[in-house]
Amino acid sequence: MTPLELLADAETYDDFASRTAEERWADGLPCAPYEAQTVARTIDRLGADFASFTLQCAPAVTLSDVCSLSLLAGCAEEHVPVVVAAVKALDAMVGRSGFDTVLDPEAQQVVIVNGPIRQALDVNCGIGAFGPGWRANATIGRAVRFVVRHAGVRHASAFGDPAQYTFAFGEDEEGSDWIPLHVQRGFSADTSTATVHSFTKAGRNFDIANVPLPEHISRMAVFLRDTASGTDWFGDARLTILLAVGHERRRLYLDGGWSKSDVQHQLFEALTSQDQFGRPLTLDSPDDVVIVAAGGPADSSEWCFVGRAGSPGTQPIPNLEAIP
Amino acid sequence: MTTAVRQPTKRYDGYEAFTAGAIADGWSDGLPIVPPTAERVEEFLSTIGKDPWEVVGTIPTRDIEITAEQVAANAVMAGCLPAYMPVVYAAVQGHLHRLGNAHCVTATLTGASQMVIVNGPVRREIGMNCGPGALGPGNRANATIGRAVRLVVRNCVQSVPGVADRAAYSTPARYSYCFGEDEEATSWDPMHVERGFARDQSVATLNSMTDAFALFDDRSDVPELLLDRLVHLCRVRPINRDQYLGDERTMVILIGPEHRHILEGAGWSKADVRSYLYPRLTAPHTRGEGERDGQGLHTTGGPTDSSLAISAPDKLLLITAGGEGRQLSWALFPHIASAVSTPIIATH
Amino acid sequence: MTVTSERLILTDLVVIDPRSGVLPVEKSVRGEAPRVDTLDGKTLAIINNGMGSARILEAALLKRLRARYDFKDVIHVQKPSVSVPPNPEDWQEVVSRADVGIALFGGCGSCTSRTTRDAIEMEWAGIPAVPIVHAALYGSAEAIRKMSKMPDYPVVTVGFPAAPTAVWDDDLLEKVLDLIEPQVLARLLVGAAR
């Protein structure tokens with residue numbers, strides 16, 4: 001059954017709940033019932049540009065499926081364009097790097113939102129951004145995972161990870177002087193975008209030692225090399241590191257006058273050099289160290305997400321036309 | 001305040017109105033919630049045989065008393081089936097135990113998660129996943145039990161993200177992090193038996209933790225080599241003695257199936273593994289006088305080698321879960337709480 | 001297709017509020033204790049959570065206060081963990097003997113709320129008190145004072161460049177003390193700091 005048909009058939013809430021629980025794309029948590037006409041209306045509002053929506057890596061997945069799955073995940077209509085953009089970004093990554101590399105069942109995807117839509121949808125970029133408490137973050141991340149599984153990716157067969165329930169956040173553009181990710185990638189600041197990274201290992205670098213920046217970079221390189229080790233089940237597949245940097249670390253870099261690009265270059269040098277810290281990482285360029293500002297105050301750590309799925313994909317988020 | 005007082009109720013026309021109202025009142029973690037109707041809550045309470053107003057635990061720092069009715073309402077909202085409620089209840093009891101240190105672990109900057117580990121027959125009775133993909137989504141019991149505990153943290157412990165919950169980044173593990181130990185796949189004693197429970201007693205262990213450090217090792221083919229690498233990983237971050245937790249401080253290590261095969265294949269029991277690990281994890285570090293650790297905080301241990309303050313071997317908890325295909329084991333770093341194991345008691 | 005709620009038989013829902021603390025509480029609202037007009041001859045309790053170098057902060061602050069005032073006694077309470085109450089016997093001593101109190105140091109998410117609560121509980125025991133926390137954790141202090149029904153309870157904050165972890169060098173410590181000493185006195189004493 002398509003997600004739409006499934007919903008139409010349920011007679012009680014409990015019936016709806018048990019049917020959705022059995023679906024291949026389900027995660028075990030409750031789904032939200034919705035009106036069929038909402039799907040049609042949302043597709044209308046996306047406009048003519050999406051009349052020929054198709055995913056290269058999963059041609060059987062329709063725009064109607066993506067909308068239905070988003071609503072089932074708990075999205076409001078207004079969140080659907082972000083899901084559509086994220087799914088297209090993921091599709092582009094698969095096109096570049098391959099289905100199995102990007103969508104390994106053990107892999108997790110994170111959606112990063114940039115631009116004005118973050119305020120419009122209350123996408124959390126600050127304190128608690130990776131976790132529960134914000135509908136936009138929770139449901140957008142979840143919807144992307146629903147689509148991934150609906151497209152045929154199996155559940156993890158080794159351990160799995162809670163990040164496979166949902167993982168989405170916004171870049172803290174307002175809380176940082178750094179150039180936002182989407183602008184680095186060629187979009188105008190007032191364009192809203194969704195960037196997706198597929199990763200197999202996450203790590204938190206908790207380090208409160210107060211050392212000069214060059215030494216800090218060396219210490220980070222040790223941590224990043226360590227985290228990146230043990231992701232090489234794809235052999236030569238290209239390594240990408242996503243680094244999420246909160247208030248305190250950004251303070252450190254800003255005090256030293258370092259832009260995001262400076263940090264990328266310094267880390268690239270440290271990670272690829274042959275030195276006493278062990279085997280250098282294979283990175284093509286500083287662009288393989290993707291940095292975003294996110295997270296709250298007072299915490300002396302940053303998070304890294306290491307993947308072998310190639311460079312994250314970025315797509316503009318379409319507008320929803322006004323409800324007629 | 002232990003009087004026969006019931007929670008207030010609210011009336012809604014339908015699901016859409018309920019969703020809007022519940023979100024406005026802050027009841028949800030952001031994902032869809034099941035309406036906690038009076039009928040459903042009564043049904044859940046009947047599975048544990050508790051009066052609605054019975055106090056499960058308190059948070060003295062916050063003047064909070066948490067009742068069975070509140071826990072049941074959150075379990076309904078999470079999407080649990082009634083048969084899961086006894087597991088949720090036991091997990092919450094563990095969280096609210098003195099050693100669960102609920103105020104601390106749910107407010108911390110670090111964003112500790114509340115991992116629920118289930119042992120005993122209940123796992124099969126309610127269809128929990130203990131094997132492939134067990135730490136992630138896909139199983140209704142795992143997902144909703146873990147979520148119910150976290151909704152209790154939000155709504156009853158009152159650790160709302162960005163308010164009392166100061167987790168700077170937080171993690172997706174704080175949506176739900178629950179699984180069963182894979183007792184059937186191994187001859188090893190399950191954790192609850194090692195902790196003194198009968199094999200056929202179902203038990204929920206609440207483990208508030210910060211990070212899961214992965215040991216990826218596809219080379220070591222004898223126990224000593226594998227476990228030496230595990231020791232090295234565990235000693236990267238210090239676990240310091242906390243006077244409040246005292247000798248009760250625990251650390252949980254999850255041995256994945258591929259690594260377990262190597263250990264079992266060599267005839268090693270959990271006790272053998274523990275005997276090898278414990279002295280090496282707790283061996284004094286070699287840091288010089290005045291040197292701080294890698295985090296710049298404590299003047300104990302080397303930059304990447306610190307002793308773990310685990311008072312006795314039986315405080316090193318070993319579990320096994322997951323599926324094959326990745327040669328991984330996990331060091332589950334605790335926050336300032338001990339793993340608390342509570343019997344799961346269902347009234348039929 | 002008919003409205004989903006009707007079709008799934010989810011109409012006229014009576015739901016149970018899942019939150020703690022929503023029932024009216026009959027306790028009277030407790031407030032601040034009266035301030036003192038001098039610290040001379042008073043017994044000062046310092047409740048220290050052991051966060052970072054909180055012991056160094058305590059010693060340095062006390063040295064400054066002792067330069068101005070002649071305390072009758074100082075009770076040093078070292079808590080058994082950063083985010084828990086003082087041990088019962090230590091708390092008993094504070095409640096029975098202290099005239100004024102200081103609680104420090106709020107440098108993390110849970111210890112900031114607990115430190116603020118230590119000061120609030122001293123107020124409820126009739127002891128004018130002041131919590132010292134880091135500015136980056138102010139939200140944590142705000143959360144606990146609301147829960148304690150004292151939403152406007154003042155806290156003394158330490159800001160950057162001093163880090164929340166309270167691991168500060170001597171120069172920075174002196175600067176921190178320059179800022180907080182008058183605020184601490186202003187909170188404990190009637191009228192302006194002397």
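Colleague: In chain A, what share of the contacts with a separation of 6 or more comes from residues 24 or more positions apart?

Modeller: This is a predicted model. In chain A, residues 24 or more positions apart make up 83% of the contacts with a separation of 6 or more. For chain B the corresponding share is 80%.

Colleague: How many helices and strands does chain A have?

Modeller: Chain A has 12 helices and eight strands. Its radius of gyration is 20 Å, close to the 20 Å that the globule rule gives for 324 residues, so chain A is as compact as a globular protein of that length. The C-alpha trace of chain A spans about 65 × 40 × 35 Å along its principal axes, and 59% of the 324 residues count as buried.

Colleague: And how many helices and strands are in chain B?

Modeller: Chain B has 11 helices and 10 strands. The radius of gyration of chain B is 21 Å, close to the 20 Å from the globule rule for 348 residues, so this chain is as compact as a globular protein of that length. Taken along the principal axes, the C-alpha atoms of chain B fill a box of roughly 65 × 45 × 35 Å. Of its 348 residues, 61% count as buried.

Colleague: Where in chain B does pLDDT stay under 50?

Modeller: The general idea is that where pLDDT is low, the predicted coordinates should not be read in detail. In chain B, pLDDT stays under 50 over residues 292-302, and the model has 40 contacts beyond four places in sequence for them. Chain B as a whole averages a pLDDT of 93, with 94% of the residues scoring at least 70.

Colleague: Turning to chain C, is strand β2 mostly covered or mostly open?

Modeller: Strand β2 of chain C, residues 43-48, is mostly covered, with five of its six residues buried. Six bridges join β2(C) to strand β3 (residues 73-78) of chain C, and the two run parallel. One of the residues to look for is Ala45(C), whose bridge partner in β3(C) is Ile75(C). Between β2(C) and β3(C) the chain passes through helix α2 (residues 54-68) of chain C, and this β-α-β crossover is right-handed.

Colleague: How many bridges join β2(C) to strand β4 of chain C?

Modeller: Five bridges join β2(C) to β4 (residues 100-106), and these strands run parallel. Leu44(C) stands opposite Val100(C) in β4(C).

Colleague: Which residues are worth checking for backbone geometry?

Modeller: As a rule, most residues other than glycine have a negative phi, and most peptide bonds are trans. The peptide bond from Leu104(C) to Phe105(C) is cis, with omega near 5 degrees, and Phe105(C) is in strand β4 of chain C. Another cis bond runs from Phe160(C) to Pro161(C), with omega near 10 degrees. Pro161(C) lies in the loop between β6 (156-158) and α6 (170-188) of chain C.

Colleague: What is the phi of Asn101(B), and what is that of Lys149(C)?

Modeller: Phi of Asn101(B) is near 50 degrees. Asn101(B) sits in the loop between α4 (85-96) and α5 (102-107) of chain B, and counts as buried because it has 26 C-beta neighbours inside 10 Å. Phi of Lys149(C) is near 60 degrees. Lys149(C) is in the loop between α5 (138-147) and β6 of chain C, and is partly exposed, with 15 other C-beta atoms within 10 Å.

Colleague: How many residues does each chain give to the contact between C and A?

Modeller: Chain C gives 11 residues and chain A gives 13 residues. On the side of chain C that touches chain A, eight residues are nonpolar, three are polar and none is charged.

Note on methods. Residues numbered from 1 in each chain as written. Chains lettered and ligands numbered in written order. Predicted model: local features only at pLDDT ≥ 70, side-chain atom pairs only at ≥ 80, totals over all residues. Contact = placed C-beta atoms within 7 Å. Nonpolar A, V, L, I, M, F, W, Y, C, P; charged D, E, K, R; others polar. Buried ≥ 20, exposed ≤ 12 C-beta atoms within 10 Å, placed from the backbone. Helix = DSSP H or I, 4+ residues; strand = E, 2+ residues; numbered from the N terminus. Pairing = 2+ DSSP bridges. Right-handed = clockwise from strand over helix to strand, strands pointing away. Rg over C-alpha atoms; globule rule 2.2 N^0.38 Å. pLDDT = per-residue confidence, 0-100.
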